[in-house]
Amino acid sequence: EKVWIIVDPVRNIINVRREDIILKMAHTPSIFIVTVLCNGQNISMLDVTPKWVPAWHKLLGLRREMDMKFWFEEIVRTFCELKRNQGDGYDPTISELIMEERRMNDEIIRNDVPTNIREIRVSPIYIVPSMIRQFQALRPGALPVGMQFMEEQVYLRSDVAELHTRNRWKDKKVVVKKGEKPYKQIMTPQDRIIDLYGEWQTEPYIIQMPEDGSLPRNEYGNFELFAHDPPPTTAYIDLPLIARLCKKLKVDYVECVTGFDYSGGRAHAKKKGVLILKEEKEKVLKAHSLYHEGLSLIHI
C-alpha cells in the first residue's frame, strides 16, 4: 500500500510526527501541508492540511480572516502546471491527487463537526438553513445529514444552490424553461416581489429565425445580444445614429439589449447597436460612411 512520507523542507526533517504537525498548526494558519506529485515535467500540488488537522474548521476561520487561500492559490499557480496527457487521457499525477482529495473530504465529513456558530459559519462542509443567503436555496432532494445544530437540521453546503432571476440566467446564455414556477421569491425594500430560479429549471437558449424571414425579437421588440450570439443570417452593427439611419433607409432593424442596469429595485435595459439582415449590411455601412463624409443627402 502506498503511504505518504511527511517532510519538513524548511527544517530538513523527514518523517515528521503527526503530533508535531497538530501542535504547530494549532495557532499557525499560514503553514500549509501539501501533497506534491511529480510525473515527468508535470508537478501537481494539493492542500491536504484538512486531513492532518483535527479541528479543520477552526483553522479555516483563521485562514479566511487572513485571506490565506488566495495566497496559497497564487503560489500553486506560479510553480505548478496541471496537465492531462494528450495520449490515452490518463495522467497518474492528476488521478492520484483526485483520489487523495476524495479521501480527505470523506475524512472531514466524518470527523470535522462544528460545535458553535462561528465554526459552522466557516465550515466548508456543513450549513444550517438560517445561514443560507437571500439568493440561495437548498437543491431539490437535499436531505439533512442526520444531526441538529441549535434546533436546526444540518445540511451539506454542496447542496446549496445559487438562484437568479430570468434576466440573470440570460446573462449566462440559458433561459428558464417554459412553465417553471419560481423556486423562491424575495421581497425588495420597495415591496416588489422578485422571482428566483435554479439551474435545474433552465435550458440552453437556441434562437430560431422567424419563418417569414424577419428579424428575431423578444416580447419587447428587441434582440437580447447579452443572452446569445446573432444568427448566421444577420449582422450586428454598432455605429453612431445607426438606428435612425436604418429607419431612413427603410431597412428592417432591431435594437440590441446588451445588459441591464439595476436601480430602485428594477431592471433597466441597456441598448447598443442594431441587428439587421446580412444582405443589408453593405448597403447600411456605405450609407453611414457617406453620411459622415458629408456626401449623403439623407438627413438623420
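Buried residues have under 20% relative accessible area, exposed ones over 50%, and partly exposed ones lie in between (1.4 Å probe, protein chains only). The views show a predicted model, in which local features need pLDDT of at least 70, side-chain atom pairs count only at pLDDT 80 or more, and totals for chains, interfaces and linings use all residues. Residues are numbered from 1 along each chain as its sequence is written, and side-chain values use heavy atoms, with hydrogens and water left out.

**View A. Aromatic pair of Tyr183 and Trp200.** Rings of Phe, Tyr and Trp (its six-membered ring) pair if their centres lie within 6.5 Å; planes under 30 degrees apart count as stacked, over 60 as edge-to-face and the rest as tilted. Two aromatic pairs are found in a search of the whole structure. In the pair of Tyr183 and Trp200, the centres are 4.9 Å apart and the planes make 85 degrees, an edge-to-face arrangement. Tyr183 is partly exposed at 33% relative accessible area, and Trp200 is partly exposed at 29%.

**View B. Aromatic pair of Phe226 and Phe260.** The ring centres are 5.3 Å apart and the planes stand at 80 degrees, so this pair is edge-to-face. Phe226 lies in the loop between strand 15 and strand 16 and Phe260 in strand 17, so the pair ties together parts 34 residues apart in sequence. Helices (H or I, at least four residues) and strands (E, at least two) are DSSP runs, numbered from the N terminus. Both Phe226 and Phe260 are buried.

**View C. Surroundings of Lys170.** Lys170 belongs to helix 7 (residues 166-171) and is buried, with a relative accessible area of 15%. Leaving aside residues up to four places away in sequence, Lys170 touches Val175, Glu224, Phe226 and Ala227; contact means heavy atoms within 4.5 Å.

View D. Strand 17 (residues 253-263) and strand 18 (residues 266-277) run antiparallel and are joined by nine bridges. Val257 stands opposite Lys271 in strand 18.

**View E. Two faces of helix 9.** Val284, Ala287 and His288 are buried in helix 9. The face turned away from the buried side carries the exposed residues Glu282 and Lys286. Strand 16, helix 8 (242-248) and strand 18 pack against the buried residues of helix 9. Just after helix 9, Gly294 has a positive phi of about 75 degrees.

Definitions and conventions:
Two strands pair if DSSP finds at least two bridges between them.
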